[in-house]
Amino acid sequence: MLAQEVLVKRRAEILHALCSSGSAEHLERVADMLLAQGELGWEDYQNVLVPGRTLYSNARQLLDLLYTKGTDSCGLFFRAVEQVLPEGQGAVFYSSEYPSGSDGRVKPQGTSTEALLTCRPSLVSKLQGCIDGVLGALVESGHFSSTDCDGVQLPIHTPSQQARRLLDHVRSKGESAASVVLQYVQQEQECGLTLEQRRPTLTKEFVKYQKKLSSSVSAQSRFLSTYGGTSHMPLDDIYTDVQLELPNSSADIYKSMGFEDIVGPVGTLNEDADTVLVSGEAGSGKSIWLQRLHLHWTRGAAVQDFLLLFPFSCRRLNSEHRDLSVQELLFQHCCWPDREQEEIFQFILDHPHLVLLTFDGLDELKQSFSDEHRICCPNQRAPVHVLLFNLIQGSLMKGVRKIVTSRPEAVGPALKKHLSKEVHLKGFSPSGIDCFVRKHHSDPNEAAKVLESLHADTALRGLCHSPVLCWIVSQCHKELLGCGEGSPQTVTDVYLVILQHFFQHHNTLKSGIGVRWLQQNLETVLHLGKLAFEGISNSNYIFSVTDLETCGVTESDICIGFLIQSKDMSLAHSICYEFLHITMQCFFAAISTILSSNAGRPAILKLFEPQEMKKSLNNACFRGCLPSSNTQQISEEHSTTAEKTNLQITATFVSGLLSQRYQKLWLHCCSSVSVEKKAKQVARYLSKGMKQHFRSIPQPVQGEKKSMHAMPEFVWLIKCIYEMQESRIAKDAMSKLEVGHLKLTYCNIGPVECTALAYVLQHLKSPVGLQLDNNSVGDVGVEQLLPCMHICNSLYLRNNNITDEGIRKLIDKVIHLDSFQKIALFNNRLTDACTQHFSYLLKTRQNFLSLRLGNNNITAEGAKQLAEGLKCNNSLQFLGLWGNRIGDEGAKALAKALQNNKSIVWLSLVGNGVGSTGACALSNIIRNSPSLEDLWLTENCITRTGVESLIQALKHNDHVKSVWLKNNDLSSAEVEEMQQMESRLVF
């Protein structure tokens, strides 16, 4: 198909690819390249990139223009798109049939002004690093005035747009001005200096301020600031690395992601944006990770490209009700310069690339993200949330790097289009759990006992994947691991133990604590519960002394340790308090729901009606259920995703606290009739909620199994059922689920969720395919899923950070389950060690159908192990090893094992370094197999010799439908010749 025809046929897709990010950068870069190649004239270029016209309109203008220029121009356009779009996204529009035309099309660089056009793409890239210097040279040479400089450096423009405006202005000034620019750029290259490497001269007052800011940040970061309580534990003594992953990245990237990688180019999807999102569930360690970054910066150990770092807490920004400018936000909320405030702020404006802002807990901001109210002037005052949103999207302070942390459900499409990249924080790995426990216990023997107990208790170890739960388990190890009453199984169990632990510790020097510990401390629990509930209801996580007094919280209540003093770098604010962790606040809010006589059916209903949660915060009936009679009026603008998420966490705790096993706990604290009534209400809602999900399942396409694509709220319901430990509800719900495939992709499923899933899914009536791709299952999660493996006929765990150890435990379980027939493990952390387990599975199970191990770290040795199992197997139909490193030796081993196989239908060895030797060996499978239909050998290094061998084999087998050979070591002429020889070859 001609490039011109493709331009018309795929017009909508092309427009989406160029414009969907909301940034003009992709379109402008493509236009730059076409201008440099002479495909666009200067007038064409100006007619395409019209200021003030919408991005899509400009893009349509370009496509229309290229269509009129003919198929060669369209081919050049596709080549430009391929280079501009990230991670090869442009390749989907590109074909080797399109003429390149790039050689010889560039105009000779006879003059400096012509060079500005022909070298425009590279100049735009280079100039972004030295705009100030070039403007200075142009002013000094008399070519530019201060007005010209201001026109280039408008703050609303991105660095690349400023570079383009500079080139456009210079071109209008003539040959002499163009020479100044080219000479300056050449000198910069010869010196090897870029903007990041060049440091401006720092004034004495700036250095003083830098030291003061660093000292303030260090003071706020040295000690654990969240769930460390009031013990002032040094961060260095307890900090343990967490797992960081890029979405859909290769298995290796997350392991090496340090602080520099977070702010560096790794994983960048939108080069025009400068905001990085670090997302993770509540309790996954986001705040402490960010605190560690701050501390490393103050010590000169990380992100030293930034001279200034300004840290912000979104929950603390909620209490700022004044309109502020950016300058006031930075200086009043972080660190105030003693002198020369204007000079220091001007430095920030002039050198945004040297400044890093961090915003912790975007999900806790009262207002949901919006890009409707745009401001670009750094001196304009606005509400704090408006400043924050404009900083994130780059309307304000373009070029300043921002790191934002948030729970994933609070990040919608409106925000994501302004992100440079997103990094997922996944909590502790199994080795991280061990490391944390050893750091938490100074006595090695005590640490060893805790770890021994954890390794023997899979449910408890699954909980420890979350850093906050791991801290609780370590803090309360004596109560948790030595009580003789069975270890905790649910999150509610663990939080009740920490509650009891704190009261026990507080009462040690007093009368001690008895079996009626809750009754003995009921007054404190009611005070804190009231404070927590009102806070959750109003999206309030920082409490003033007045707030505490209103809820009856006394100094004695504070001393127990559930409330800690809120740290604030601004000295202007009075003393405030916050709960140890947001989940602790939700837990106390749940207790308040149980104990409050006012919190009847309406409160329970609103907690468990996800679609009504926003309304509930403004519902008079719900407000009447709050423990306080003078609850503040809640405004509509406060209805955010954070409220919904925190209400769901609260509802999960309510489910656990209303479990039958805790009936005695409430016996002397509130009416047993009331508790029993609330428990029945929750049970009814959970059953109703599950049925509603099942009724929404569409009817299957004829000939296919009925499939259910579950949403995150389905997982939340399952967690509530598990917390309640009501097998009756689980059995009743699963008895009504009639599907052949259950899909739970991108649902933030970790080990805790896996435990709940296994508890509920084990009651399914018939086996299903369970798809958990793109979650955080890990080895611990795999172990938690084992109890429900008997109802799985297939398991899909792509991109889940699973290692060989997780596979060992999984195979040990499923080897005895005849119904288990398929597994997919693309993009995990598997090595050759896992192949011995799969080899054993293939030898043992003669009804196993599909094994997909793509994009792992399997070499020729692993392929040889698999081959041993394949020799004994007569059932496997699908074998996928895409993106490994088996090479010719591995291909030969597999070919030998499969050359007489009568079941294999599909074999993929894409991107495995297979050459002609391997291809010749694989030809034997084609020649002999009565079942093979598709062989995938794309992205290898096969030459003409290997392809000829495959062609000869195909002559003996009409059953094979296709052999895929795109991107091998073949010339265009060889590809054309081979296709004519054999039509089943796909190039």
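## Aromatic cluster and ring pairs

Ten side chains come together in one aromatic cluster: Tyr495, Phe502, Phe503, Trp517, Phe543, Phe562, Phe579, Phe587, Phe588 and Phe653. Rings of Phe, Tyr and Trp (its six-membered ring) are paired here if their centres lie within 6.5 Å, with planes under 30 degrees apart called stacked, over 60 edge-to-face and the rest tilted. This is a predicted model, so local features need pLDDT of at least 70 and side-chain atom pairs count only at pLDDT 80 or more, while totals for chains, interfaces and linings use all residues. Residues are numbered from 1 along each chain as its sequence is written, and side-chain values use heavy atoms, with hydrogens and water left out.

Searching the whole structure turns up 28 aromatic pairs. One of them joins Phe579 and Phe588, tilted, at 5.8 Å centre to centre and 35° between the planes. Phe579 is buried at 2% relative accessibility, and Phe588 is buried at 0%; buried means under 20% relative accessible area, exposed over 50% and partly exposed in between (1.4 Å probe, protein chains only). Then there's Phe608 with Trp716, a stacked pair at 6.0 Å centre to centre and 25° between the planes. That pair ties together distant parts of the chain, 108 residues apart: Phe608 is in the loop between helix 33 (601-607) and helix 34 (613-616), and Trp716 is in helix 38 (residues 712-724). Helices are DSSP runs (H or I, at least four residues), numbered from the N terminus. Phe608 has 0% relative accessibility, so it counts as buried, and Trp716, at 5%, counts as buried too.

## Nonpolar cores

A nonpolar core here is a set of buried Ala, Val, Leu, Ile, Met, Phe, Trp, Tyr and Cys residues joined through side-chain atoms within 4.5 Å. The largest one has 256 residues, and those with the most contacts inside it are Trp289, Phe310, Phe608, Trp666, Leu744, Met789 and Phe838. Helix 32 (residues 582-595) supplies the largest share of this core, with ten residues. Apart from it lies another core, of 34 residues, including Val6, Leu34, Trp42 and Phe78.

Take Leu744: skipping neighbours within four places in sequence, its contacts (heavy atoms within 4.5 Å) are Ala710, Phe714, Val715, Ile749, Leu757, Leu770, Gln771, Leu772, Asp773 and Asn775.

## Tyr759 and its surroundings

Tyr759 sits in helix 40 (residues 751-761) and is buried, with a relative accessible area of 14%. Beyond four places in sequence, Tyr759 is in contact with Ile721, Tyr722, Gln725, Glu726, Ser727 and Ala730. The side chain of Tyr759 also reaches the backbone nitrogen of Ser727 at 3.0 Å. Gln784 is 25 residues away from Tyr759 along the chain, and their C-alpha atoms are separated by 9.3 Å.

## Two helices with a buried face

Helix 23 (residues 444-456) has 13 residues and should span 18 Å at 1.5 Å a residue; its end C-alpha atoms are 18 Å apart, which agrees. The expected span is 1.5 Å times one less than the number of residues. Its buried residues are Ala447, Val450, Leu451 and Leu454. Seen down the axis of helix 23, they fall within an arc of 95°, so they line one face; the arc is that of the directions from the helix axis to the C-beta atoms. Turned away from that buried side are the exposed residues Asn445, Lys449, Glu452 and Ala456.

In helix 8 (residues 120-127), the buried residues are Arg120, Leu123, Val124 and Leu127. Down the axis of helix 8 they fall within an arc of 100°, so they line one face of the helix.

Key: Polar contact = N/O pair within 3.5 Å; in protein donor to acceptor, adjacent residues only side chain to side chain.
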